[in-house]
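Me: I would like to learn how to read a few features of a protein model. Please take them one at a time.

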Amino acid sequence: MTGYEEFLPEIKAAVMNFIDKVPFNQLVGMKITNVTPNSVEMHLPMKDELIGNYITGILHGGVISSMIDVSGGAMALVGAFRKLEHIDIQERIQRLARVSTIDLRVDYLRPGRGESFYVSSTLLRSGNKVAVTRSEFYNNRNDLCAVGTGTYLCG
């Protein structure tokens, strides 16, 4: 077992705890469902408060971009945790509490129709200061609704 697998339970717990405590994430209803060294997955149940077009009943684009951003940010945290694994977990959490979005590009591919949604993010690059992630946003029928690329300050 490499050092990264040994640290993964700590990383997973810290990332999930950090994301789950953000009031906006709670308000919207997004939850991390899986954290691995290679991906972060989040889930969102559809609810009336998230409708962006009241005539068609589709999910608001801002919710889609928010989920892509939060999931990508969580993936950036996973990559940054690995780079800081030589320091104490509490110090890592303090340093990484300042992770922020530099840039986010979202391409909407189809309307957000569904009973629930999920996003999966992967790490494209994790440098000393900046991480870049790729995210895919799906509905419960596995239709790809949007894709996104996020750049995050994490150092």
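Reply: We can start with a pocket. The second largest pocket has 13 lining residues, and those nearest its centre are Phe18, Ile19, Val70, Gly73 and Val99. Bear in mind that this is a predicted model.

Me: Which elements give two or more residues to the lining of the second largest pocket?

Reply: They are α1 (3–20), α3 and β5 (100–108). Helix α3 gives the largest share, five residues. By class, the lining has eight nonpolar, four polar and one charged residues. The space in this second largest pocket is about 190 Å³.

Me: Next, aromatic rings. How should I read a pair, and how many aromatic pairs are there?

Reply: The distance of the centres and the angle of the planes describe a pair of aromatic rings. The count here is two aromatic pairs. In one of them, the ring centres of Phe117 and Phe137 are 5.5 Å apart and the planes are at 20°; planes under 30 degrees apart count as stacked, so this pair is stacked. Phe117 belongs to strand β6 (residues 116–126) and Phe137 to strand β7 (residues 130–139), so the pair ties together parts that are 20 residues apart in sequence.

Me: Are Phe117 and Phe137 buried or exposed?

Reply: Phe117 has 0% relative accessibility and counts as buried. Phe137 is also buried, with a relative accessible area of 0%.

Me: What about the rings of Tyr118 and Tyr138?

Reply: Their centres lie 5.0 Å apart with the planes at 15°, so this pair is stacked. Tyr118 is in strand β6 and Tyr138 in strand β7, so here too parts 20 residues apart in sequence are tied together. Tyr118 is partly exposed at 27% relative accessibility. Tyr138 counts as buried because its 17% relative accessibility is under the 20% cut-off.

Me: Where is Ser135 placed, and which residue's side chain does it join in a polar contact?

Reply: Ser135 sits in strand β7. Its side chain and that of Ser121 are joined by a polar contact of 2.5 Å. Ser135 counts as buried, at 1% relative accessibility. Apart from neighbours within four places in sequence, its contacts include Ile68, Gly72, Val119 and Ala146.

Me: And where is His60 found?

Reply: His60 is in the loop between β4 (58–59) and α3 (61–83). At 40% relative accessibility, His60 counts as partly exposed. Its side chain reaches the backbone nitrogen of Gly62 at 2.7 Å. Residues up to four places away in sequence aside, His60 touches Leu50, Ile51 and Gly52.

Me: How far apart are His60 and Gly112 in sequence and in space?

Reply: They are 52 residues apart in sequence, while their C-alpha atoms are 7.5 Å apart in space.

How values were computed:
Residues are numbered from 1 along each chain as its sequence is written. This is a predicted model: local features need pLDDT of at least 70, side-chain atom pairs count only at pLDDT 80 or more; totals for chains, interfaces and linings use all residues. Side-chain values use heavy atoms; hydrogens and water are left out. Rings of Phe, Tyr and Trp (its six-membered ring) pair if their centres lie within 6.5 Å; planes under 30 degrees apart count as stacked, over 60 as edge-to-face and the rest as tilted. Helices (H or I, at least four residues) and strands (E, at least two) are DSSP runs, numbered from the N terminus. Buried means under 20% relative accessible area, exposed over 50%, partly exposed in between (1.4 Å probe, protein chains only). Contact means heavy atoms within 4.5 Å. A polar contact is a pair of N or O atoms within 3.5 Å; within protein, one must be able to donate a hydrogen and the other to accept it, and residues adjacent in sequence count only if both atoms are side-chain atoms. On a 1 Å grid over the protein atoms alone, a cavity is a set of points where a 1.4 Å probe fits but cannot get out, and a pocket is an open set with protein on both sides within 12 Å along at least five of seven lines; lining residues have an atom within 4 Å of a point. Grid points are joined across faces, edges and corners, and a volume is the space filled by probe spheres set on the points. Ala, Val, Leu, Ile, Met, Phe, Trp, Tyr, Cys and Pro count as nonpolar, Asp, Glu, Lys and Arg as charged, and the others, Gly among them, as polar.
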